Amino acid sequence: MAEHPSLWDLAHRRRSVRQVLPAAVSDETIERILEIARWTPSSYNSQPWHIVVVRERLAELWDVIEAAGRQARAGRPVEKFLERLNGYRGASAVFFIFLDRAIVDEQVRITTYAPAERVESWARESVGMLQYALWLAVVDAGLAASLHHFDSEEEAICRFLEIPYPRFRLMGTMPVGLPAHEVPVPGRRPLNEIASFERWHPPAADAS
Ligand SMILES: Cc1cc2nc3c(=O)[nH]c(=O)nc-3n(C[C@H](O)[C@H](O)[C@H](O)COP(=O)(O)O)c2cc1C
């Protein structure tokens with residue numbers, strides 16, 4: 001049996017894969033991904049999220065999203081949007097990640113020592129962590145994903161998924177499949193630019 005990938009491997013292997021092909025994604029795989037996501041930390045352990053996983057209704061859903069996207073862009077170029085969408089159409093499963101405003105609003109209401117904007121921000125940071133946990137779990141399952149924001153299409157998606165809007169706000173969409181082609185590795189800022197030790201210092205001059 002192949003050795004299980006380490007966190008190091010997963011973190012380096014994860015890419016934004018925006019063109020995917022169908023993959024065998026079993027119920028067990030979906031459950032494992034969701035179980036990993038369930039253990040994401042959140043402010044006050046409020047877990048202010050809901051994830052809708054779509055596998056069976058994807059063809060219809062992409063058409064709904066395309067129609068909403070075309071309508072929102074009436075008179076404006078639609079090619080880039082369609083290109084992205086076509087890349088997602090090969091997905092075997094799509095995770096729609098929602099912020100549950102009912103949970104956030106209640107947290108804002110009962111928190112007396114921090115202003116509403118901070119409580120709001122902590123909830124959104126929590127969803128960011130959830131998204132990364134999902135993403136790593138997808139890679140751990142031997143699959144690939146990307147993170148897309150369907151802002152103009154949000155209400156159409158909510159209607160299709162029958163999820164109450166605006167109680168739930170769509171924070172991100174992750175289409176999952178196999179990479180359609182190799183994705184170039186985007187660079188990262190060097191370590192000495194993003195971290196300091198003991199106290200802040202500017203990046204050392206290049207010694208080479
Ligand atoms: C909060 C957040 C929002 C993002 N939004 C989008 C998006 O709407 N569309 C998209 O194609 N990629 C989106 N990305 C992916 C980034 O472009 C990508 O992570 C970055 O370019 C680095 O590439 P890598 O993920 O392959 O390492 C987003 C990433 C994050 C963390």
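Me: I take a residue as buried if 20 or more other C-beta atoms, placed from the backbone, lie within 10 Å of its own, as exposed if 12 or fewer do, and as partly exposed in between. How many residues of strand 3 are buried?

Reply: This is a predicted model, in which local features need pLDDT of at least 70 and side-chain atom pairs count only at pLDDT 80 or more, while totals for chains, interfaces and linings use all residues. Residues are numbered from 1 along each chain as its sequence is written. Strand 3 spans residues 93-100, and eight of its eight residues are buried. In the chain, buried residues make up 25% of the 208 residues.

Me: Which residues lie on each side of strand 3?

Reply: In a regular strand, side chains alternate between the two faces of the sheet. Here one side carries Ala 93, Phe 95, Ile 97 and Leu 99, and the other carries Val 94, Phe 96, Phe 98 and Asp 100; both faces are covered.

Me: With which strand does strand 3 pair over eight bridges?

Reply: Two strands pair if DSSP finds at least two bridges between them. Strand 5 (residues 168-179) pairs with strand 3 in the antiparallel sense over eight bridges, and Leu 170 is the bridge partner of Phe 98. Strand 2 (residues 49-54) is also antiparallel to strand 3, with six bridges; there Ile 51 has Ile 97 as its bridge partner.

Me: How many helices and strands does the chain have?

Reply: Helices (H or I, at least four residues) and strands (E, at least two) are DSSP runs, numbered from the N terminus. The chain has eight helices and five strands.

Me: At what angle do the axes of helix 2 and helix 6 cross?

Reply: Two packed helices are described by the angle and the distance between their axes. Axes are lines fitted to C-alpha atoms, for helices over the stretch in contact, with angles from 0 to 180 degrees between N-to-C directions. Helix 2 (residues 27-38) and helix 6 (residues 116-140) have axes that come within 8 Å and cross at roughly 145 degrees. Residues are in contact if their C-beta atoms, placed from the backbone, lie within 7 Å. Helix 2 contributes Arg 32, Ile 33, Ile 36 and Ala 37, and helix 6 contributes Leu 130, Ala 133, Leu 134, Ala 137 and Val 138. By class, these are eight nonpolar, no polar and one charged, where Ala, Val, Leu, Ile, Met, Phe, Trp, Tyr, Cys and Pro count as nonpolar, Asp, Glu, Lys and Arg as charged, and the others, Gly among them, as polar.

Notes. Contact = placed C-beta atoms within 7 Å.
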